Amino acid sequence: MSTTEVRGRSGSRRTLTTRLATPARGALLPLVLLLLTTMPACARTATSAAPPAPSASVATGESGQDRFLQLYRGYQADYEPAKTVANLAEMSEVVAVGRLKEIREGRIQGVARDDPGRSEYLIYVFDVIEKVKGTVPGDVVYVEAIKPNREPAASFDAAAPKGAEALLYLRSASALAPAEPSLGPDVPAGTRLQWFTTPQGFLIHLGGRVLAPLDQIGQSRPIFQGGDPDPTRLRSWLPSP
């Protein structure tokens with residue numbers, strides 16, 4: 001009697017017990033050859049049945065939306081918030097609906113790129129799909145905003161929900177930028193930069209909800225003190241005609 005341990009396709013162990021009669025003289029050699037040719041096949045089957053390892057995104061359960069919003073955690077800005085959508089529209093030179101295309105490096109304000117007191121900016125690039133107020137030259141708008149942290153623009157771009165629809169309330173950056181030396185930005189020559197009128201001016205539709213990534217207070221309570229429109233419909237956040 002012989003005992004052999006083998007693995008099935010599911011990876012479970014089974015013990016195979018074989019009772020052999022005493023072979024006749026001359027029959028031993030064929031029996032040995034038979035065992036040598038069948039047992040390796042069982043081993044190959046067990047190896048090929050191992051399940052593939054899960055990908056990192058499946059293992060962590062983190063979505064692209066989560067990664068994007070995580071980059072803005074801890075962002076703070078000193079500004080006077082608009083009380084309503086109508087109030088924000090009055091404060092803005094441009095109101096438009098667009099789709100997020102990419103995020104680039106923006107200007108660096110300071111005497112050098114490694115100046116410890118420098119301020120770094122991002123450039124948000126949007127394809128304009130509807131112009132609601134003001135003049136937007138062309139079908140692409142470049143919006144500059146201060147970085148929430150010192151992460152490179154590539155980190156924001158990699159996590160950005162490309163193609164997500166966004167509502168933009170903007171003012172000309174030239175009218176708001178401080179008179180400090182700056183380096184950059186990474187935009188075509190002659191481009192007219194815009195700024196979000198307030199952090200409330202960047203509204204994006206993610207996961208079936210309207211969010212304001214730059215307004216951290218709005219993540220836990222209404223974005224507008226006077227009350228928020230329908231949180232599931234981006235266009236309900238447009239000013240009334």
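How much space lies in the second largest pocket? About 360 Å³ of space lies in this pocket. The structure is a predicted model, in which local features need pLDDT of at least 70 and side-chain atom pairs count only at pLDDT 80 or more, while totals for chains, interfaces and linings use all residues. Residues are numbered from 1 along each chain as its sequence is written, and side-chain values use heavy atoms, with hydrogens and water left out.

The protein chain contains five helices and 10 strands. Helices (H or I, at least four residues) and strands (E, at least two) are DSSP runs, numbered from the N terminus. Of the 241 residues in the protein chain, 34% are buried. A residue is termed buried under 20% relative accessible area, exposed over 50%, and partly exposed in between (1.4 Å probe, protein chains only). The protein chain exposes about 14200 Å², and carbon and sulfur atoms supply 54% of this area. Accessible areas come from the Shrake-Rupley method with a 1.4 Å probe; for residues, only the protein chains shown count as cover. Among the contacts (heavy atoms within 4.5 Å) in the protein chain with a separation of 6 or more, 69% are made by residues 24 or more positions apart.

The second largest pocket is lined by 18 residues, and Y75, W195, F196, T197 and P199 lie nearest its centre. Strand β5 gives the most, with three residues. By residue class, the lining of the second largest pocket divides into 12 nonpolar, three polar and three charged residues. In this division Ala, Val, Leu, Ile, Met, Phe, Trp, Tyr, Cys and Pro count as nonpolar, Asp, Glu, Lys and Arg as charged, and the others, Gly among them, as polar. A pocket is defined on a 1 Å grid over the protein atoms alone, as an open set of points where a 1.4 Å probe fits, with protein on both sides within 12 Å along at least five of seven lines; lining residues have an atom within 4 Å of a point. Grid points are joined across faces, edges and corners, and a volume is the space filled by probe spheres set on the points.

Strand β8 also holds Q194. Q194 counts as buried, because its relative accessibility is 3%. Leaving aside residues up to four places away in sequence, Q194 touches V94, V141, Y142, V143, E144, L170, R171, S172 and A173.

Side chains of opposite charge can pair when their charged atoms come close. A search of the whole structure finds nine salt bridges, each being a side-chain nitrogen of Lys or Arg within 4 Å of a carboxyl oxygen of Asp or Glu. In one of them, the side chains of K147 and E105 meet at 3.1 Å, N to O. K147 lies in the loop between β5 and α5 (153-159) and E105 in strand β3 (residues 94-109), so this pair ties together parts that are 42 residues apart in sequence. K147 is buried, with a relative accessible area of 8%, whereas E105 is partly exposed at 32% relative accessibility.

K147 also meets E120 in a salt bridge (3.0 Å, N to O). Because K147 lies in the loop between β5 and α5 and E120 in strand β4 (residues 119-133), the pair ties together parts that are 27 residues apart in sequence. E120 counts as buried, at 11% relative accessibility. A further salt bridge joins the side chains of D157 and K162 (3.3 Å, N to O). D157 is partly exposed at 22% relative accessibility, and K162 is partly exposed at 44%.

A166, in strand β6 (residues 165-172), is buried with a relative accessible area of 0%. A166 and V97 are 69 residues apart in sequence but 5.8 Å apart in space, C-alpha to C-alpha. Not counting residues up to four places away in sequence, A166 touches A96, V97, G98, F126, F202, L203, I204 and L234. L69 is found in helix α3 (residues 64-70) and is buried, with a relative accessible area of 13%. L69 and A212 are 143 residues apart in sequence and 9.5 Å apart in space, C-alpha to C-alpha. Beyond residues up to four places away in sequence, L69 touches L206, L211 and P213.
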